[in-house]
Amino acid sequence: MKPERKNRVCPVELAGSLDMAIRRWLQNPRIILEPYINEGMTALDLGCGPGFFTLDMARLVGRSGRVIAVDLQQGMLAKVREKIRRSELEDRITLHQCSESAIGISDQIDFALAFYMVHEIPDKESFFSEIATILKPGGRMLIVEPPLHVSRSDFEKTLDIARHTGFAVTKGPKVFFSKTAILKNGRSA
Ligand SMILES: C[S@@+](CC[C@H](N)C(=O)[O-])C[C@H]1O[C@@H](n2cnc3c(N)ncnc32)[C@H](O)[C@@H]1O
């Protein structure tokens, strides 16, 4: 079955457009993520693409922390691998190729980022249910969605699904050209 247009996965050929230098001015990863990531954390970059956020996440978790960068497409992970090869960040970043139906990690996560990727997921209920099991109780997830692909009502529908799977939803930070929300895992320890 063909995916709906709005669930189409961003092709590896467009990776360069996610990694343009000007994006750092408009959506600076460090400024966006600093309030949520501390040293020593285990952070998850869901749908990491070419790693625009991954490297700064690894800097923020520091030597004692870890970033798991997850993507559906091996081509995207290869771009991240190339960027971190022989750098001090290499040991802090684990690359993981997931399947369409499951993230497939068992680590307990302090913070998860899903930047411009949730709209590409056809089964959001199963996606959020899985995250609820790997995000620590009280752990936070930042969702950022693009305004052109995702209408206000589609975004609200996504947040309703997150609420039904046990997340408390609050307002997210201001991010250029984006809709945002913070999800807090309501699961008890
Ligand atoms: C528009 S790109 C955004 C990449 C990155 N987060 C950024 O903002 O630069 C969306 C990414 O999500 C990935 N993706 C789509 N569906 C996914 C899924 N079910 N699980 C993991 N990654 C997925 C795609 O392969 C693509 O790399």
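Trainee: Let's start with Arg66. Is Arg66 buried, exposed or partly exposed?
Mentor: Arg66 is partly exposed, because its relative accessible area is 27%. Keep in mind that this is a predicted model.

Trainee: Got it. Which side chain does Arg66 meet in a salt bridge?
Mentor: The partner is Asp107, with an N to O distance of 2.3 Å. Arg66 belongs to strand β2 (residues 66-71), while Asp107 is in the loop between β3 (93-97) and β4 (109-115), so the bridge ties together parts 41 residues apart in sequence.

Trainee: How many salt bridges turn up in the whole structure?
Mentor: The search finds 12. One of them pairs Lys83 with Asp19, at 2.7 Å from N to O. Lys83 is in helix α5 (residues 74-84) and Asp19 sits in the loop between α1 (15-18) and α2 (21-26), so that pair links parts 64 residues apart in sequence.

Trainee: What's the relative accessibility of Lys83? And of Asp19?
Mentor: Lys83 has 33%, so it counts as partly exposed. Asp19 has 30% and is partly exposed as well.

Trainee: What about Asp160 and Arg163, where do they lie?
Mentor: Both are in helix α7 (residues 152-164), 3 residues apart, which is about one turn of the helix. Asp160 is partly exposed at 37% relative accessibility, and Arg163 is partly exposed at 38%.

Trainee: Switching to the ligand. Which residues come nearest?
Mentor: There are 19 residues around the ligand, and the nearest are Arg23, Gly47, Asp71, Gln73 and Phe115.

Trainee: How much of the ligand does the protein bury?
Mentor: The protein buries 96% of the 600 Å² that the ligand exposes when taken alone.

Trainee: And how does the shell divide into nonpolar, polar and charged?
Mentor: The shell has 13 nonpolar residues, 3 polar and 3 charged.

Trainee: Where does Phe177 lie?
Mentor: Phe177 is in the loop between β6 (167-171) and β7 (179-185). At 46% relative accessibility, Phe177 counts as partly exposed.

Trainee: Last one, Thr180. Where does that lie, and is Thr180 buried or exposed?
Mentor: Thr180 is in strand β7. Its relative accessible area is 14%, so Thr180 is buried. A polar atom of the Thr180 side chain lies 2.7 Å from the backbone oxygen of Pro173.

How values were computed. Residues are numbered from 1 along each chain as its sequence is written. This is a predicted model: local features need pLDDT of at least 70, side-chain atom pairs count only at pLDDT 80 or more; totals for chains, interfaces and linings use all residues. Side-chain values use heavy atoms; hydrogens and water are left out. A residue is near a molecule or strand if one of its heavy atoms lies within 4 Å of it. Accessible areas come from the Shrake-Rupley method with a 1.4 Å probe; for residues, only the protein chains shown count as cover. Ala, Val, Leu, Ile, Met, Phe, Trp, Tyr, Cys and Pro count as nonpolar, Asp, Glu, Lys and Arg as charged, and the others, Gly among them, as polar. Helices (H or I, at least four residues) and strands (E, at least two) are DSSP runs, numbered from the N terminus. Buried means under 20% relative accessible area, exposed over 50%, partly exposed in between (1.4 Å probe, protein chains only). A polar contact is a pair of N or O atoms within 3.5 Å; within protein, one must be able to donate a hydrogen and the other to accept it, and residues adjacent in sequence count only if both atoms are side-chain atoms. A salt bridge is a side-chain nitrogen of Lys or Arg within 4 Å of a carboxyl oxygen of Asp or Glu.
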